[in-house]
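Here's a quick briefing to read with the model open beside you.

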Amino acid sequence: MARIGVLGGGRWGTALSLHLARQGHQVLVFDIKSEVVESLRRGQNPYWEDVDTPKGIDATTELLEVIGFSQVLLLALPVQSIREALKDVDLNGKKVVSASKGLEVETSLRVSQILKEISPHCEVMCLSGPSFAREVAKGLPTAVVLAGEEEESLRYVQSLFFSPYFRVYLSTDLVGVELGGSLKNVVAIACGVSDGLGFGDNARAALITRGLAEMVRLGEKLGAKRETFYGLSGLGDLVLTATSSQSRNYTLGYLLGKGHSLSSALEKIGQVVEGVHTVMAVVKLSQELDVRAPISYAVYRLLQGEDPLQVAHQLLMNPPPHREFE
C-alpha cells in the first residue's frame, strides 16, 4: 500500500483516484473546487452517480498537504495551469507521474519539461494511452503505457497501478509518449470537423492515418522514437480520441463542423479541451523545425474562425501529391 497524492480532482484525476483506491492505496486528492473536495470527503462521486467511491480516498484544497502526504504524486491538472499551480512548490526528490496531456502554449514544452524547470531534481514519468475517464472509473478493461527514464521507478509505479482490468505497459521513450498523448488531440478535432460536415468514414480514416504520419514527423524531430507512435500512447489514443463522442476534442470539432462558433462549442462542452491550446504550440514547433503539418495548420485556421467547409475541402481535396512514406 502506498500514499498517493493526486493533483487535480477533475474527471480524469478522480477516475484514477478511484482506481488507485481500489488497489488498496491511500489517496489524497487536491482540487481548488470546494464542492469536489466535499463530495469526495463524503464518499460521494462528484461526476458519475452510477460509480461507487471506494474507501481510501480523501480530498483537500490545500496543495502543500498533498505534497507532504504523498510517496508518489499523480498530476492530472490542465497543462496550461501546471506552471502557475506548482511554481512555489518544491517537488525535488519526488516521483511525479504526469497524466496531463498537452503542450504549454507559451513555451511549447511538454509536461515533464515544465516540471523539470520548476523542480530540476524531481523524477518525472508519464502515464498515457487510450483511456476515457468514465470507463476507467467504472473499472472497464483499459491498457495504458507508463514512460520514464529509471527502470526501477517504472516497475514500482507500474505495480501501484496494475490490475487485471488496468494493464500498464512500460516505455523508456518519455518524449514520444508525452507527444503522442498531446498531438492526437489536434487530429481528433480535425476528425470531428470532418464528421460534422458529413464527409463520411473514408475521410475520417484518411485523417487518422495521415494525422499519425504528421505526429511521427514532428515527434522524430523532437527526439521521439518512431515506433512509440504506433503504440498505445500514439495510434491507440488517436483512434479512441478521433472516433468517439466521449472525446472532448472530437466533440469540439464535430460542433464546429455543424456550424457552432468556437466559443459556443466550448461553452456546450463545459470542460477543458486541450487540443485548442496544443495546436498553437504544434504550429509554432512545425514552423521552427520545418515540419510539414497540414492537418494541424487546418485545425489552427478553423480555430481562428475560418469556414470549416472551405478549410476541409482544401485539406482533403487539394493537397499536393506526396509519397505515402517519406
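What covers the buried residues of α2? The cover includes α1 (11–22), β2 (26–30) and β3 (57–60). Bear in mind that this is a predicted model, where local features need pLDDT of at least 70, side-chain atom pairs count only at pLDDT 80 or more, and totals for chains, interfaces and linings use all residues. Residues are numbered from 1 along each chain as its sequence is written, and side-chain values use heavy atoms, with hydrogens and water left out.

**Helix α2**
- Helices (H or I, at least four residues) and strands (E, at least two) are DSSP runs, numbered from the N terminus.
- In α2 (residues 34–41), the buried residues are V36, V37, S39 and L40; buried means under 20% relative accessible area, exposed over 50%, and partly exposed in between (1.4 Å probe, protein chains only).
- These residues sit on the same side of α2 because they cover an arc of only 165° around the axis, taken from the directions from the helix axis to the C-beta atoms.
- Just after α2 comes G43, with a positive phi of about 80°.

**Two domains**
- The protein splits into domain 1 (3–172) and domain 2 (175–317), with bounds from an automatic or database domain assignment.
- Their C-alpha centres are 25 Å apart.
- Across the divide, 29 residues of domain 1 are in contact with 28 residues of domain 2 (contact means heavy atoms within 4.5 Å).

**The largest pocket**
- A pocket here is an open set of points on a 1 Å grid over the protein atoms alone, where a 1.4 Å probe fits, with protein on both sides within 12 Å along at least five of seven lines; lining residues have an atom within 4 Å of a point.
- The largest pocket has a volume of about 1,300 Å³, meaning the space filled by probe spheres set on the points, which are joined across faces, edges and corners.
- Its lining has 44 residues, and R11, W12, R248, Q271 and V272 lie nearest the centre.
- Both domain 1 and domain 2 supply at least three residues each to this lining.

- Most residues other than glycine have a negative phi.
- S108, in the loop between β5 (95–98) and α5 (111–118), has a positive phi of about 65°; S108 counts as buried, at 9% relative accessibility.
- D290, in the loop between α13 (274–289) and α14 (294–303), has a positive phi of about 55°; D290 counts as exposed, at 71% relative accessibility.
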